[in-house]
Amino acid sequence: MPQSKIWLSSPHMGGTEQKYIQEAFDTNWVAPLGPNVNGFEQDLENYLGGQVYVGALSSGTAAIHLGLLLLGVQAGDEVLCQSMTFSASANPILYLGATPIFIDSEVQTWNLCPVALEVAILDRIKKGKKPKAIIAVHLYGVPYQIDAIRTIADTYQIPILEDSAEALGSTYKGIKCGTFGDISVLSFNGNKIITTSGGGAIVTHSAALKEKAVFYATQSRDNAPHYQHSHIGYNYRMSNICAGIGRGQMEVLDTHVASRRLMHDFYVSLFASVEGIEVFRVPNSDYFANYWLTAITVDPIKTKGLDREALRLALESANIESRPLWKPMHLQPIFESYPYYGHQVAESLFEQGLCLPSGSNLTQADRIRIKDAILAIIK
Ligand SMILES: *Cc1c(COP(=O)(O)O)cnc(C)c1O
């Protein structure tokens, strides 16, 4: 009998989500506003700590789009963006008619390389245009080099859009990811650490900025009895039903983080004595990762011939999902004509990297299946 599929990362309900949805139905708040939207935003603000203001939106991508808009990005501007990321980090640059400038990763956090970033800024200024924003990502829940990137951003006075879509629950020096940007972004897509089935949020440091984001997200309606518009509007607000799921999910966020970290520990011990396979982990104790996905790199020279694709196919034949790392944006057909600063770090990570099943709902039986399938190929 074929065994059921083990997914990379699948939705994991905590149990109370339907209570909030029921309330929404009972009170007929079936709209992109309502008590769950306000409640979910409040829950997120409390969780993130500090003076932050959260606006719940229809997706993380929408949040990045509005975030860039609020940072003043316009057609013809340049925006610096980590190359190794999901395309949703970079697409909104093009929505605005701006130009993406892609930056390599460094080997410690796999995120924005401070050296390549500064080289790029200096070169763009020399060519006549100071970049308008820096999009920095916490890949797989591992924080980027927060201090180094902030120092550069402040030196050249370029704001940071922090893409924390994968890093809710991660911290750096005890401070939550999702609070480090001039504007920050969260995602609640179905595969993320918590989900609203689809959704996202924008995180700001002022009530006025949040209000502006919500204004744009609800069709930019001016204050008038009729429909009056003096700005381009968007339909980006989160629905009260989705926000109900979010409120239930917030009750289990910390246990989800603990479960994902348990999966990471499982892989660390599984590969501990395997020559040529490294589990991606934080560089030091300043960093705390939610390990949204556990990723490994497979060096076919050190493994004496086993590469990541062979490992992926072996898992696939055991009905276990795994996936190569994000293919860098500067290698994507849609983005390859834009400037790129760096070397081959992102490229070689892409060649050797593999994400392994990491869901918070994986069971001991799943771990045994994964372990057996991996041991069978690396023995
Ligand atoms: C998921 C993700 C997004 C986009 O979020 P959506 O809610 O799916 O639109 C953006 N950036 C990164 C790094 C992501 O992983």
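Over how many bridges do strand E12 and strand E15 pair, and in which sense? Select residues 294-298 for E12 and residues 353-356 for E15: the two pair in the antiparallel sense over four bridges. Two strands count as paired if DSSP finds at least two bridges between them. Helices (H or I, at least four residues) and strands (E, at least two) are DSSP runs, numbered from the N terminus.

The model is predicted, with local features needing pLDDT of at least 70 and side-chain atom pairs counting only at pLDDT 80 or more, while totals for chains, interfaces and linings use all residues. Residues are numbered from 1 along each chain as its sequence is written, and side-chain values use heavy atoms, with hydrogens and water left out.

**Stop 1**

Now widen the selection to the open sheet of four strands, whose order is E10-E12-E15-E13 with antiparallel pairing. E10 (277-279) and E13 (323-324) are at the edges with a single partner strand each, so one side of each has no neighbour in the sheet.

**Stop 2: helices on the sheet**

Show H9, which lies across E10, E12 and E15 and runs at about 155 degrees to E10. H11 also packs on the sheet, where it touches E12, E13 and E15, and its direction makes about 55 degrees with that of E15. Axes here are lines fitted to C-alpha atoms, for helices over the stretch in contact, and angles run from 0 to 180 degrees between N-to-C directions.

Within H11, select Ala-346, Leu-349 and Phe-350, the buried residues of this helix. Viewed down the axis of H11, they fall within an arc of 100 degrees, so they line one face of the helix. The arc is that of the directions from the helix axis to the C-beta atoms. Buried means under 20% relative accessible area, exposed over 50%, and partly exposed in between (1.4 Å probe, protein chains only). The buried residues of H11 pack against E12, helix H10 (308-317), E13 and E15; contact means heavy atoms within 4.5 Å.

**Stop 3: the largest core**

A nonpolar core is a set of buried Ala, Val, Leu, Ile, Met, Phe, Trp, Tyr and Cys residues joined through side-chain atoms within 4.5 Å. The largest one has 39 residues, and Leu-44, Tyr-140, Leu-168 and Phe-188 have the most contacts inside it. H2 gives the most to this core, with five residues. Centre on Leu-44: apart from neighbours within four places in sequence, its contacts are Val-54, Leu-168, Leu-186, Phe-188, Ala-201 and Met-250. A second, separate core of 29 residues includes Ala-62, Leu-66, Leu-71 and Ile-93.

**Stop 4: Gly-67**

Select H3 (residues 60-70) and find Gly-67 in it. Gly-67 has 0% relative accessibility and counts as buried.

**Stop 5**

Which way do the residues of E5 point? Ile-160 and Glu-162 point one way and Leu-161 and Asp-163 the other, and all are buried. E4 and E5 run parallel and are joined by four bridges; Ile-160 is the bridge partner of Ile-134.

Finish on H6 (residues 146-155), where the buried residues are Ile-146, Ile-149, Ile-152 and Ala-153. Down the axis of H6 these fall within an arc of 140 degrees, so they line one face of the helix. They pack against helix H5 (114-126), E4 (133-137), E5 (160-163) and strand E6 (171-172). Just after H6, Gln-157 takes a positive phi of about 50 degrees.
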